[in-house]
Every structure is written in C-alpha cells, then in structure tokens.
Amino acid sequence: MFKSGLRLMLAGVVLASGTAQAAGVAADGQKIVMQGDGSGAPCLACHGMDGAGNDAGGFPRLAGLSAEYLAKQMQDYNAGTRVSPIMQPNVDNLSEQQILDVAAYYASQPVPAVKASSASEEVLALGEKLALRGDWSKHVPSCNSCHGPGNAGVGSAFPGIAGQHPTYIR
C-alpha cells in the first residue's frame, strides 16, 4: 500500500512540475519534415531527410539525438529562451505535438557514419586534449565532462557531440 501511494504521489509531482511530456510519433514527424502536413517546416533543407545535417552550412546532425533534447530545443526557440534567427521562424508555426513528432522522427534516425578527418596530426592531438582534458589555462573544461564518456551524450540535458559536424562544433 505504501509503495503504490508513493508512486502515485511521485507521478503527481512529475505531472505538476510540467516535466512529463507526451510522446511524439515518428511517422507523423516524417510527414512534417517532408512538409506533407502543410506546416511548411523546412527541416530537411538544412538537417536533411535523414537528420545528417550539413557540415558546409554548419547545420548540426539531429539523427540519433534524444527526442527529449530535440523537443526542448525547439520549444526554447519558440519561447525565445534560445535564440537563432534561422531556427525561430522555422519552428514557430509548429504546434506542441508537431514539435514532439519531429523530435521523435529525427531521434529515430540512425547516426550516419563519421568521415575520416583530414586535419593534421597536431590539430587532432589538440582536439583530443580539449575533448578529454580541456584547457584549464583558458578556463575551458573538457567536452566529456558534460557530454559524457566518448562525448556520446548524457540523457536529455547534454546531447551527444561525438560525430557531430566540425563546422557546427567550431
């Protein structure tokens, strides 16, 4: 009795705090990305149908990122708490459910294979140092201190940056 009462109480706290979120439907998200629902969302122009992004344009890979993370970013663009003159007008016409659907779709896409870097050994070594140890002389923490082991991401708060486009990371 105590355990079930505690579960109900905790569920109420989660719902009251607003952290519970309806699930998105990946198939509906795919329609939005393809602009098949009339929303006019031009997601694929920058992020691609498969969510691979575009290194030359500096557009990040979305494929394989957490749906919760992706939805939160779009919600923040709409709320003005995250500012991007490119993203805000492209998501401001999406409903809350459409945001969840697009996030579910891109999260369901496989992470594309990473291309081999053409950077010099010196640049690669510096990148590895920054990723693993940071540069405390410049107050730069290591990437993996937030983004987790292998920079693969930590829940919905810190996205995976391993395999992300260099232009976007820069």
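The dialogue below takes up these features in turn.

Author: Please bear in mind that this is a predicted model.

Reader: How many salt bridges does a search of the whole structure find?

Author: Side chains of opposite charge can pair when their charged atoms come close. In this structure the search finds two salt bridges. One joins Asp28 and Lys31, with the closest N and O atoms 3.9 Å apart. In the other, the side chains of Lys72 and Asp76 meet at 2.8 Å, N to O. The cut-off for such a pair is 4 Å.

Reader: Where do Asp28 and Lys31 sit relative to one another in helix H2?

Author: They are three residues apart in helix H2, which spans residues 26-33, and so about one helical turn separates them. Asp28 is partly exposed, its relative accessible area being 31%.

Reader: What separates Lys72 from Asp76 in helix H4?

Author: About one helical turn, because the two are four residues apart in helix H4 (residues 67-79). The limit for "buried" is under 20%.

Reader: Which residues have the most contacts inside the largest nonpolar core?

Author: A nonpolar core is read as a set of buried residues joined through side-chain atoms. Here the largest one has 19 residues, and those with the most contacts inside it are Val33, Leu70, Met74, Val91, Val102 and Tyr106. H2, H4 and helix H6 (96-108) each supply at least two residues of this core. H6 gives the most, with six residues.

Reader: Where is Gln164 found, and what is it in contact with beyond its neighbours within four places in sequence?

Author: Gln164 is found in the loop between helix H8 (144-147) and helix H9 (166-169). At 9% relative accessibility, Gln164 counts as buried. Leaving aside neighbours within four places in sequence, Gln164 is in contact with Pro60, Arg61 and Ile169. A polar atom of the Gln164 side chain lies 2.5 Å from the backbone nitrogen of Arg61.

How values were computed. Residues are numbered from 1 along each chain as its sequence is written. This is a predicted model: local features need pLDDT of at least 70, side-chain atom pairs count only at pLDDT 80 or more; totals for chains, interfaces and linings use all residues. Side-chain values use heavy atoms; hydrogens and water are left out. Buried means under 20% relative accessible area, exposed over 50%, partly exposed in between (1.4 Å probe, protein chains only). A nonpolar core is a set of buried Ala, Val, Leu, Ile, Met, Phe, Trp, Tyr and Cys residues joined through side-chain atoms within 4.5 Å. A polar contact is a pair of N or O atoms within 3.5 Å; within protein, one must be able to donate a hydrogen and the other to accept it, and residues adjacent in sequence count only if both atoms are side-chain atoms. Contact means heavy atoms within 4.5 Å.
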